[in-house]
Amino acid sequence: MYNDILYILGGVGVTLQYTVVSLLIGFSLGILLGILKFLSKRPYLINFFISVFRGTPLLLQLSFAYFVLPELIGFNLSVFEAGILALGLNSAAYMIEIIWAGIKSIPKGQFEAAKTLHISSFLMWKDIILPQVLNRMMPALANEVITLLKETALISVIGEVDIMRRAQYLAAEQFNYFKPLCIAGLSYYLLVQILTFIFNYIQKRWHYA
Amino acid sequence: MLKLQNVSKHFKDQTILDNISLTIEKGSIVGLMGPSGCGKSTLLRCIQGFESYDKGSILCQEKVCLILQDFQLFPHMNVLDNITYGMRHVLKIPKKQAEMEGLSLLKELGLEDKAKVMPHTLSGGQKQRVAILRAMASKADLLLLDEPTSALDAQSIGEVVQLIKKLNAMGLTLLVVSHDESFLKMISTKIYELKKGMLLSQK
């Protein structure tokens with residue numbers, strides 16, 4: 001039993017690795033394209049990107065990135081590369097909408113106040129607008145990060161040995177699904193609780209009004 | 001000195017500003033009166049550069065700062081950071097010096113105990129003073145005030161009158177827009193009236 005737990009927990013690092021890297025991709029693209037969508041009068045391309053990644057299953061996107069994309073681009077992708085590509089872009093699609101909605105909720109006067117003080121565009125976004133956007137959208141962003149963490153379980157289908165895959169190995173080996181799935185479930189649950197705690201902490205520290 | 005020459009602005013077939021010429025000398029307090037919707041705010045926004053105009057020219061030798069009607073302090077920064085942000089990041093004044101200058105400005109307007117509080121805890125009048133200090137800290141010397149009394153009660157209006165006179169004594173030029181004639185009479189060296197986009201001189 002003890003060994004089983006240790007074996008499955010060995011996948012926590014992999015799960016976290018996929019979560020963190022995909023989050024970095026999703027968050028940076030989310031901010032960049034969220035701002036672009038806000039500034040653009042006709043953000044057709046961004047909306048198309050969002051509609052594709054929201055309109056198809058993540059499982060399909062992962063399989064596509066691993067099995068089909070290499071044929072199209074002419075070189076192979078590792079499981080990790082294909083995984084973070086699909087997870088990162090998928091997460092970006094949701095983050096763009098969150099950030100964009102957050103920017104739209106900031107009063108126009110905040111932009112104008114920054115301009116009356118001759119604050120450059122870059123500093124205005126970095127120090128005036130985005131901190132307010134992130135503060136407002138923290139609950140939605142926390143949701144997205146938690147979803148992302150749990151969705152990394154799907155990478156087991158393209159062969160990554162994460163928490164989920166390890167549980168499946170054990171189950172197949174011992175002809176018993178109950179224990180491994182409970183251990184895996186508990187691992188995900190605890191990871192999500194830790195994330196929730198971190199987000200609550202940030203939210204409290206950051207809350208200004 | 002601020003000089004407007006034949007400034008006109010149309011929106012569709014509506015005339016918003018009709019051939020406006022106006023000179024504001026350094027050190028004066030000019031009042032601009034008129035009912036809501038007459039184009040007062042639009043005129044201020046044209047001077048600040050937020051809105052375009054179709055004809056004429058606006059010449060300004062001073063650094064202008066429009067104090068927005070709802071002040072728009074940065075809600076995620078404390079009062080002192082609101083005031084010193086522009087000094088530090090636009091004027092590139094070192095942090096310590098900026099904070100010293102900021103504190104002495106706050107003291108000047110009786111807000112030194114508010115330096116570290118967040119804007120949402122301030123009253124309307126205090127927010128307005130912080131917004132004005134933020135503009136002064138960015139070294140603006142021509143302040144455009146858009147309805148400075150609209151968010152305040154009767155008692156605070158008296159304080160705004162004192163405040164505006166004090167700012168003027170400190171060397172600032174002010175263009176104050178209001179629908180309240182008696183308020184403008186208390187502060188202005190010259191009052192203009194804006195009617196259907198046309199500028200009429202009052203006194």
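Analyst: **A strand residue and the chain interface**

Leu32(B) lies in strand 3 of chain B, residues 29–33 (helices, H or I of at least four residues, and strands, E of at least two, are DSSP runs numbered from the N terminus). The model is predicted, with local features requiring pLDDT of at least 70, side-chain atom pairs pLDDT 80 or more, and totals for chains, interfaces and linings using all residues. Residues are numbered from 1 along each chain as written, chains are lettered from A and ligands numbered from 1 in written order, and side-chain values use heavy atoms, without hydrogens or water.

Leu32(B) counts as buried because its relative accessibility is 1% (buried: under 20%, 1.4 Å probe, protein chains only). Leaving aside residues up to four places away in sequence, its contacts include Lys40(B), Leu43(B), Val176(B), Tyr192(B) and Leu199(B) (heavy atoms within 4.5 Å). Its C-alpha atom is 35 Å from that of Lys116(B), 84 residues away along the chain.

At the interface, 22 residues of chain B contact 19 of chain A. The buried area is about 1,800 Å², 67% of it from carbon and sulfur atoms (accessible area, 1.4 Å probe, lost by two parts on being put together, summed over both). On the chain B side, Phe74(B), His76(B) and Tyr85(B) lose the most area to chain A, together 28% of what that side buries.

The interface has 1 salt bridge (a side-chain nitrogen of Lys or Arg within 4 Å of a carboxyl oxygen of Asp or Glu). Arg45(B) pairs with Glu112(A) in a salt bridge, their closest N and O atoms 2.6 Å apart. Elements of chain B giving two or more residues to the side that touches chain A include helix 1 (40–48) and helix 4 (124–137), while strand 5 gives the most, with 3 residues.

Terms used:
Buried < 20%, exposed > 50% of the residue type's maximum accessible area, 1.4 Å probe, protein only.
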